[in-house]
Amino acid sequence: MNKIILMGIFALFVTAGCNAQSSDEKAIKETIIGFSKAGDKNDADKLATYLDDNYRIVMNRLFGSSEVSVMTKDIYLEKIKTKEYGGDNRKVEIESIVLNGSTASAKVSFVGSKMTFVSILILVKDGNNEWKLVSDVPVVK
């Protein structure tokens, strides 16, 4: 009888852990999709809600450069506002999500008519339990 009770308690904890993980994964997917749609619509104000204050785009030899360059959140949002970036209708393909407590990484393809990027995104869960992007490391395909 004690084994049955212990197995039941164990199953309950495993189920609760899986539900929490799937809840976080769902929230992460919603954040990534919202981020993409806001950029596609050049809605810098909405886009800012998906980005942590420390957000950076790390571009390693992107667009023919031989260097690594880093773009801050403010510069990125300005490029969205001026329509230098964004304005496409991209399909979002989330290839994988790895959860690590209140941080996560995701490999995501953003397939658009103008350009296709495959990005490694780093997300953090903030004090309000909302997932925010803190880093984007894109590669042009």
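Reader: Before we start, what does pLDDT need to be for local features here?

Author: The model is predicted, so to speak of local features we need pLDDT of at least 70, side-chain atom pairs count only at pLDDT 80 or more, and totals for chains, interfaces and linings use all residues. Residues are numbered from 1 along each chain as its sequence is written, and side-chain values use heavy atoms, with hydrogens and water left out.

Reader: And what does the chain average in pLDDT?

Author: pLDDT is the predictor's confidence in each residue, from 0 to 100. The chain averages 89, and 85% of the residues score at least 70. Contact means heavy atoms within 4.5 Å.

Reader: How many helices and strands does the chain have?

Author: Helices (H or I, at least four residues) and strands (E, at least two) are DSSP runs, numbered from the N terminus. The chain has three helices and six strands, in the order α-α-β-β-α-β-β-β-β from the N terminus on.

Reader: Now the sheet. In what order do its six strands stand?

Author: Strands of a sheet pair through backbone hydrogen bonds, either parallel or antiparallel. Two strands count as paired if DSSP finds at least two bridges between them. Here the six strands form an open sheet in the order β2-β1-β6-β5-β4-β3, with mixed pairing. At the edges are β2 (68–72) and β3 (91–100), each with a single partner strand, so one side of each has no neighbour in the sheet. On average, neighbouring strands are turned by 20 degrees against each other, direction ignored.

Reader: Which strand pairs are parallel and which antiparallel?

Author: β1 and β6 run parallel, joined by three bridges, and R56 has S135 in β6 as its bridge partner. β5 and β6 pair in the antiparallel sense over nine bridges, with I120 partnered by V137 in β6. Their hairpin has five residues between the strands, and N129 takes a positive phi near 60 degrees in it. Strands β4 (residues 103–111) and β5 (residues 116–125) are antiparallel too, with nine bridges joining them; there, F110 stands opposite F117 in β5.

Reader: How many residues of β6 are buried?

Author: Buried means under 20% relative accessible area, exposed over 50%, and partly exposed in between (1.4 Å probe, protein chains only). Seven of the ten residues of β6 (residues 131–140) are buried, so this strand is largely enclosed by the rest of the structure. For the whole chain, 33% of the 141 residues count as buried.

Reader: Helix α3 next. Which of its residues are buried?

Author: An α-helix has 3.6 residues a turn, so residues three or four places apart point the same way. In α3 (residues 73–81), the buried ones are K73, Y76, L77, K79 and I80. Looking down the axis of α3, these buried residues fall within an arc of 160 degrees, so they line one face of the helix; the arc is that of the directions from the helix axis to the C-beta atoms. D74 and K81, on the other side of α3, are exposed. Just after the helix, K83 takes a positive phi of about 65 degrees.

Reader: Where does α3 lie?

Author: α3 lies across β1 (51–60) and β2, running at about 80 degrees to β1. Axes are lines fitted to C-alpha atoms, for helices over the stretch in contact, and angles run from 0 to 180 degrees between N-to-C directions.

Reader: What is L77 in contact with?

Author: Leaving aside neighbours within four places in sequence, L77 contacts A44, L47, A48 and L51. L77 is buried, with a relative accessible area of 11%. D45 is 32 residues away from L77 in sequence, with 8.2 Å between their C-alpha atoms.
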